[in-house]
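Hi,

Here is the structure I said I'd pass along. Have a look at it first, and then read on for what turned up.

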Amino acid sequence: MELFNNFSDIFLSVWNKGILGVDIFQILIGVGIFLLFLIFRGIISKLIIKKLELISKRTTNKLDDTFVKSMVGPARFLPIVLGFFIASYYMTFSVEGREVVDTINRTLITILIFWVIHQIIEPISYILSGLDQILTRELIGWIIKSLKILIFILGLAAVLELWGIKIGPIIAGLGLFGVAVALGAQDLFKNLISGILVLVEKRFKIGDWISVDGVIEGIVEKIGFRSTTIRKFDKSLAIIPNFQFAENAVVNVSETSNWLISWNITLQYDTTVEQLKTIRNEIEKYILENKDFDTKVGVAVRVDKFSDSSIDMYVRCFTNSRSWNDWLSVKERLAIKIKEIVEGNKASFAFPSQSIYVEKK
């Protein structure tokens, strides 16, 4: 009986004193409140968020869809913050315990605030997309990523400050470390700056066909902070450091609107002057009257020179083609027309030949 009384006294003592000065009954009530908010968290995600998604889908604007989608995480975290806050203030803590609990509450609220700011940045990209005349899609993506990283760093610094961890000495230490890293990472920063210049100057964008003499030719698939991914025409993938686009001439073939045709037409030496003039005039007339060619840029059809085995006629013009395939088609039609003109004037194309004279003694 005495043993039972001792156990009862100890049990009541633990029940009344509880843990860290909080009695067990308050702890159970606090846990119950927190669990209730966890259940409420599920209701928010299944009912409120779903309802907002349905409303946003009725509009043609994608901004509200992205905003609702980005707020799902913070909305599910909000009941946890409220549940812990209400549960902690229901319980009676010691002075030291209350300070720790208040710090936890401030930490949760800080995380929630910076999480909301972090998520709001994503819908901003739709607002910035209206500035496509100033900013490229890739540069907007870089800005969004940079802002997200900045918000994360600021949020982490704010949380550390709440727990008494001073970030000043850490930043100073990182500064010295950063100098050492920068000396060994000059290529990284060079590529980063070059990548920013590529986007700001709009040298090329994803999907463009570019050519860098002696470096690469292909279709741009991705523009990254350090490098650019290019799909070559043999379907292989090339990762090119961004500094290559700053130090070398980049030809954006996709932006070509006037493709050049530059040929030497070789005619036999027995071609008469009248035949040369007629062939020249008919080729020039075909180019000037054909909509396939941009005659404002400049057309040249002239007898150029006397080669070893031919009279050379120079043909230079620009097409109105917007694609490489169209350019090939226009070239083909011009080549066929030139052949028809030459043969129609009873002239012949020359080919490399030599005449050998044997001297008889």
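Let's start with helix α10, which runs over residues 273-289. This helix has 17 residues and reaches 24 Å from its first C-alpha to its last, close to the 24 Å expected at 1.5 Å a residue. Bear in mind throughout that this is a predicted model.

Which residues of α10 are buried? They are Q275, L276, I279, I283, E284, Y286 and I287. These cover an arc of only 160° around the axis, which means that they sit on the same side of α10. Turn to the other side of the helix and you'll find V273, E274, K285 and E289 exposed.

What do the buried residues of α10 pack against? Their partners are β6 (260-267), β7 (300-306), β8 (311-318) and α11 (324-344). Two of those strands, β7 and β8, pair with each other in the antiparallel sense, over six bridges. A hairpin of four residues takes the chain from β7 to β8, and F306 has I311 in β8 as its bridge partner.

Now for the inside. In soluble globular proteins, nonpolar side chains tend to be buried together. Here the largest nonpolar core has 24 residues, and the ones with the most contacts inside it are L267, I279, I283, I287, F293, M313 and L334. The elements giving two or more residues to this core are β6, α10, β8 and α11, with α11 giving the most, at six residues.

Five strands make up an open sheet, in the order β4-β3-β2-β1-β5, and the pairing is antiparallel. At the edges stand β4 (237-241) and β5 (250-252); each has a single partner strand, so one side of each is left without a neighbour in the sheet. From one strand to the next, the twist averages 40°.

Where does β4 find its partner? Strand β3 (residues 227-231) pairs with β4 in the antiparallel sense over five bridges. One of the residue pairs there is S227 with P241, its bridge partner in β4.

Conventions:
Residues are numbered from 1 along each chain as its sequence is written. This is a predicted model: local features need pLDDT of at least 70, side-chain atom pairs count only at pLDDT 80 or more; totals for chains, interfaces and linings use all residues. Side-chain values use heavy atoms; hydrogens and water are left out. The expected span of a helix is 1.5 Å times one less than its number of residues. Buried means under 20% relative accessible area, exposed over 50%, partly exposed in between (1.4 Å probe, protein chains only). The arc is that of the directions from the helix axis to the C-beta atoms. Contact means heavy atoms within 4.5 Å. Two strands pair if DSSP finds at least two bridges between them. A nonpolar core is a set of buried Ala, Val, Leu, Ile, Met, Phe, Trp, Tyr and Cys residues joined through side-chain atoms within 4.5 Å. Axes are lines fitted to C-alpha atoms, for helices over the stretch in contact, and angles run from 0 to 180 degrees between N-to-C directions.
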